[in-house]
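This report goes through one protein chain by topic. Please keep the sequence and the 3D view at hand while reading.

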Amino acid sequence: MKAYQSNRAIYPFPLKSHPKSMKVTLKANQNFLALQSQLEGTENRITVARKRYIESIKNFINQLPRGLIIPKIFIGYNLRYSNALKKFKEKIDKNKYGKLLYINCQVGRSLDQWRNKNLKLAASNKNKGGGVILELSHELDYLNWIFGPIKHVFSKVNNVKKFNIGVEESYFAIFKLYNKSLINLSVDMVRCDEKRFCEAIYENATIRLDLIKGTVQIIKRKILYTYKFNRDLDNSYKNMWYKYLKNNQVDQTKCTIKNSLEILGLIDTIKKIK
């Protein structure tokens, strides 16, 4: 049997167990993709253990050459590879509709619809990092990626006890950006009619992203343009895998471990506000 030298590694298990494996992977000059989308412990609040974990990640990063760590590690936030989301970001970046007034974002779907009625999985298990804040952190990532950095956070976490599972089932947050614009975010895993959209409201138009339909619309008094991407959510995973396996070092879409630490900071801030 021939021996092969691998240059890719995939980590599907919780990132709290990654630091030792990271060293082996990087010393072998491998790239790796962490499929777990949060850098987090299992605690439901900020604790000494979590702070130590965060510090251990930061210290590990700082011990390695900057040019080595940044291109070799990225986190599996697949929505960054959604063609609809990229079109939405492209339109935002062009900044052609006047002053940005505010952003409205919502994601919601009943947990028993997307976990095949198995409520004992990680999404509903406190000891496995469950709860809506961690499970649906993709919105935090792309909002910070497109509009950030975020300056201030105001939030309210709620357990409406639809499933009686002991983790938060919804939260509401308002983010203030450095340009003084506000982001209104609503996230839940209880509603029966699935929603996943983001609207950027400008002086002269609204840019609306619908991740379920795979559409981006430019709207004034009526819809001016509609961009449609078929099977967009499914294809976002394929696009992410393609980029990873191709080892595109100039890929500006990928979420690095440093980006993920920023999202962890938002998550912890949302959780600690009473």
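Buried here stands for under 20% relative accessible area, exposed for over 50%, and partly exposed for what lies in between (1.4 Å probe, protein chains only).

With neighbours within four places in sequence left aside, Phe-175 is in contact (heavy atoms within 4.5 Å) with Leu-140, Leu-143, Ile-150, His-152, Val-153, Ser-181, Leu-182, Ile-183, Leu-185 and Ile-270.

## Model and overall make-up

The model is predicted, so local features need pLDDT of at least 70 and side-chain atom pairs count only at pLDDT 80 or more, whereas totals for chains, interfaces and linings use all residues. Residues are numbered from 1 along each chain as its sequence is written, and side-chain values use heavy atoms, with hydrogens and water left out.

The chain holds nine helices and twelve strands, which are DSSP runs numbered from the N terminus (helices H or I, at least four residues; strands E, at least two). Of the 274 residues in the chain, 48% are buried. Among contacts with a separation of 6 or more, 69% are between residues 24 or more positions apart.

## Surface

The accessible surface of the chain, from the Shrake-Rupley method with a 1.4 Å probe and, for residues, with only the protein chains shown as cover, comes to about 14400 Å², and carbon and sulfur atoms hold 50% of this area.

Leu-101, Tyr-102, Phe-154, Ile-174 and Leu-182 form a nonpolar patch on the surface, with about 450 Å² of accessible area together. Patches are made of residues with over 30% relative accessible area and no salt bridge, like charges being joined within 9 Å and nonpolar side chains (Val, Leu, Ile, Met, Phe, Trp, Tyr) within 5 Å. Phe-154 is found in strand S5 (residues 150-158) and counts as partly exposed because its relative accessibility is 49%.

Glu-199, in strand S8 (residues 195-202), counts as buried because its relative accessibility is 19%. Apart from residues up to four places away in sequence, Glu-199 touches Tyr-102, Ile-103, Asn-104, Thr-206, Ile-207 and Arg-208. The side chains of Glu-199 and Arg-208 are joined by a polar contact of 3.0 Å, a term for a pair of N or O atoms within 3.5 Å where, within protein, one must be able to donate a hydrogen and the other to accept it, and where residues adjacent in sequence count only if both atoms are side-chain atoms.

Thr-215 lies in strand S10 (residues 215-219) and, at 11% relative accessibility, counts as buried.

## Salt bridges

The structure holds ten salt bridges, each a side-chain nitrogen of Lys or Arg within 4 Å of a carboxyl oxygen of Asp or Glu. Arg-80 forms one with Asp-141, the closest N and O atoms being 2.8 Å apart. Because Arg-80 lies in the loop between strand S3 (73-75) and helix H4 (83-94) while Asp-141 lies in helix H7, this pair ties together parts that are 61 residues apart in sequence. Both Arg-80 and Asp-141 are buried.

Within helix H4, Glu-90 and Lys-87 are three residues apart, about one turn of the helix, and their side chains meet in a salt bridge (3.4 Å, N to O).
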